[in-house]
Amino acid sequence: MVMRTPLSRMSRRGRVTIGVLSVLLVVFILFDKFVNLWADYLWFKEVHYSTIFMTGLKTRLLLFFLFGMVVAGIVAANLYLAYRTRPLLRPHSAEQHSLDRYRLALLPRIGLWIALASGVIGLSAGMSAQGQWQDWLLFVNSQEFGVEDPQFGEDVSFYIFRLPFWQYLVGTGFVTIVMCVLGSVALHYLFGGVRLQGAGDRMTGAARVHLTSLVAAFVGLKAVAYFLDRRALVLSENEGVGLWGGGYTDINALLPAKEILAWIAILVAVAILVSANAFARNLLWPGLALGLLAISAVAVGGIYPTVVQSFTVKPSPLSKETPYIERSIVATRAAYGLTDVKQDDYPGNNDAPPANLASDQATISTIRLLDPNIVGPTYTQQQQVRGFYEFNEKLDIDRYTIDGQTQDYVVGVREINYASGTVSKNWQNRHTIYTHGYGFVAAPANKVVCNGQPYFVSGFLSEQTAQQTSDGKQCTSGNDLIQTPQPRIYYGEQMSDYAIVGKEGGGSDAEFDRPTSETDAQYFTYNGSGGVAVGSMTRRLLYSMYFGEPNFLLSSVFNDKSKVLYVRDPAERVHKVAPFLTLDKDPYPAVVDGKILWIIDGYTTASSYPYSQVVDWKTATKDTQTQEMAFPEARQDVNYVRNSVKATVDAYTGTVTLYTFDETDPVLKAWNKAFGGKLVKPRSEISSDLESHLRYPEDQFKVQRDLLSQFHVQNAQGFFSGDDFWQVPVDPAKQNSGLNQPPYFLLAKFPGQDAPTFQLTAALNPRNRQNLAALVSGSYVDGQPVLKVLKLPNDTRIDGPGQVWQKMTTYPQVTTDLGLFERENSQPVHGNLLSLPVGDGMLYVEPLYIQNKSTNPQPLVRKVLLYYGKYIAYADSLEAGLADLVKQSTGQQPTTPEPGESGEASGGQQQPATGPVAEAVAKMNQAIADLRAAQTSGDFEAYGRALKALEEAVKQYQNALAAAEATATPTPAPTGAATPSAPAVPSGSANPGAVPSPS
């Protein structure tokens, strides 16, 4: 009787229906991929990097078909061989009878079933292989490093470019053989070649030859893996000393063990073939050979190295591990660019501020008061004009030369807030009207005016009339001091959505450009080179499917000149063009040659540099200023980093340009060769203006800083003891977070520097202590990166950032003010704590902000905290604080604010306040006087009334102060106040931060 399958019992119409539905499903899946590919191709063509797209696509297709067809062919050949060598006569047994139904189902279309099974396996192999396209391109375009590994004398390029792909090939081979074994065993069993029941042999001769050959191939491939593992030992972790690269046990025990196991595996593979098919012709000897390999792997590869580690290394680890520690130190410093670090000694123990500290403009002009991580909301409130404009929460620091003076500025661009109700009200508003931001806004980093706000010098939306206080003091510059002919921002960090631009000749401008008055606005039409044309119905259909938006087909906003701008985030654009680059987390805008450009540092990285220390890039670059992810991020292990690329993105046209920065990097050379030598432009094409705005890369600096905390020690004995190790301090203002203090950019002149230098700086503590151990800074000197360390004496205790912050914030006046600033509608915010080497001592400066607790906060600088040696100053301005430090060191009485003096951190005089502010000040002064009188007399009832009156006066003062800020009106400090925004607590309290109780 012939068994009929369900498919054979189905009618012809039913089979056709199933076939059509299957084809439609495949077409639907492939069509979605096709839409994405087409849209991506058009985008790459727009940015003039279609070669990148085509090279990546061709490589993926090549690997997909090559690996898919090879693996599918090997599997199919083995399955067919298993079927072809089936026994013609099968013994009669219950087992064989139970398999008849399956044989009858497969036999009519055995070729089809074999093709399907091998096709699925080949498809999986192809999908896996196409994901290795970057490893393949590096494999075939490898470049010599000119550096040999210390164990085998092999050029480092073998480990960076070739070893990863060889390991992938071996892994694919193992999986392929396992699939062949499983499929072959199944078919041999199904057709009687392998039997579990019945008389006679359990396996036919053909099945035995076939299966033992596959097992021998697996064991032979294992021998290849052992040989590769020998080389990979220089990439292993030496847990005994906390370093990477083969240690004593790896080199003296595991290395020979791997070689022995490799030769054993070869002998076992030969023994399996010979004994199973030429002599015994059974599975006993092959089984014994496999057992020998397993026992050898445990004894030689496991027990022997453990014995060596336990009885040879652990009793005297330093003497055994010394040469391997030295290897790791040398390799790590080379791989992370630490070889040429300059280290100078700095005393740092001068307790007395220099006499000219307050008048030294070289010092004052370099002390930054504006914290770019805090004043973003202030920029938004002061410069947004309309509610749909917004600045990035974290602004940036750059330097500009204006009127012959180079100064660091806090900079940002005015972008569109797509969460605004006005913008997100409907599709047309979001994508065709509010398409771009406007203006590059900058303020000097060392200057605040008009109640602590930044002094804006550029990015104004209209003809600027300088805002002034009642005494004629300017709150902004009268005109744009950093000019750009094209201030519009079509590409930015907050441009998350696509925009549709363009109009026909004679059409009206539809894009909102900028407000010209309270009610009027100017409109604009984009005429840049960015964007993909969507004038035709075909393109509109494509992008309708790509974005899942039917308005591409239904809306009347489209015309023959329409273009769509998408992938508008600068970092995302660069990543799409160069996916092999690791990008810095902080792109920053700059006006270069009259254009607003986003500048992004691109890193080439690797994780297989012999003996170099492995770090998790994402953990090493995390601090209190990096955004926390909602879910834990996957590790990105690296042990080689170069800042090889400086990328720019034009904020108006979206043009992406990659410049070579490290011309010696073999990794970048390999990538450039892979893409036809046209991926990156030579360094010679970096304009002088662009070079003047390049910064030391922040993420690389964080990694180098972490590594320098250990690898500044270059002798094995000192490294092993760890006595001179450093550590990155926890951010003192956010100690509960446990995260590192972020580095900060400064334009400053450090000891040993000839002129003020724009540099990235950070402090380091001794390990497990809080005092200061060193300052590390990164800068460019003559266009080359320079990493410098100022090392403080080991035998001198100098306060570190955490200790200084504790002392400053527990200073009586500061404690009092912090308690008063923390109210229902306001709170204090600590700015960046700067550590500055001045006059053989350490000057610490921290601006103190007050911020309202509304949905639209506006942090403004109110006070400045300073610390030098053993002296603390707490003042309204930087100049006053520096003067107080000098007075304290010479025994003079520090200056305290008088009624009507400035509350600005930049210093200066203002007129006494009038109106509600003056009235509130008077009430506060009266309440303070009453409180003191009640305290002296011991009158509890009067004390309670005075305290209540003081609280009400403080609230009235804060409300009046908020109203004054809105009009940039200066505010006074009350009589006897420690701060211009809150009254001082009378003396006599046991706790300086608490309100006193009656005697």
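Start with Lys646: its charged end sits over the ring of Phe661, 4.9 Å from the centre. "Over a ring" means that NZ of Lys or CZ of Arg is within 6 Å of the ring centre and within 35 degrees of the ring normal. Arg695 lies over the face of Tyr588, at 3.8 Å from the ring centre.

A word on the source. This is a predicted model, where local features need pLDDT of at least 70 and side-chain atom pairs count only at pLDDT 80 or more, while totals for chains, interfaces and linings use all residues. Residues are numbered from 1 along each chain as its sequence is written, and side-chain values use heavy atoms, with hydrogens and water left out.

Next, rings with rings. Rings of Phe, Tyr and Trp (its six-membered ring) pair if their centres lie within 6.5 Å; planes under 30 degrees apart are stacked, over 60 edge-to-face, the rest tilted. The count is 57 aromatic pairs. Take Trp427 and Phe558: their centres are 6.5 Å apart and their planes at 40 degrees, so this pair is tilted. The two residues are 131 apart in the chain. Trp427 has 14% relative accessibility, so it counts as buried; the cut-offs are under 20% relative accessible area for buried, over 50% for exposed, and partly exposed in between (1.4 Å probe, protein chains only). Phe558, at 10%, is buried too.

Now Tyr696 and Phe701. Their planes stand at 90 degrees with centres 6.0 Å apart, so that pair is edge-to-face. Both are buried.

Last, strand β29, residues 784-791. Strands are DSSP runs of E, at least two residues, numbered from the N terminus. Six of the eight residues in β29 are buried.

Technical notes:
Helices (H or I, at least four residues) and strands (E, at least two) are DSSP runs, numbered from the N terminus.
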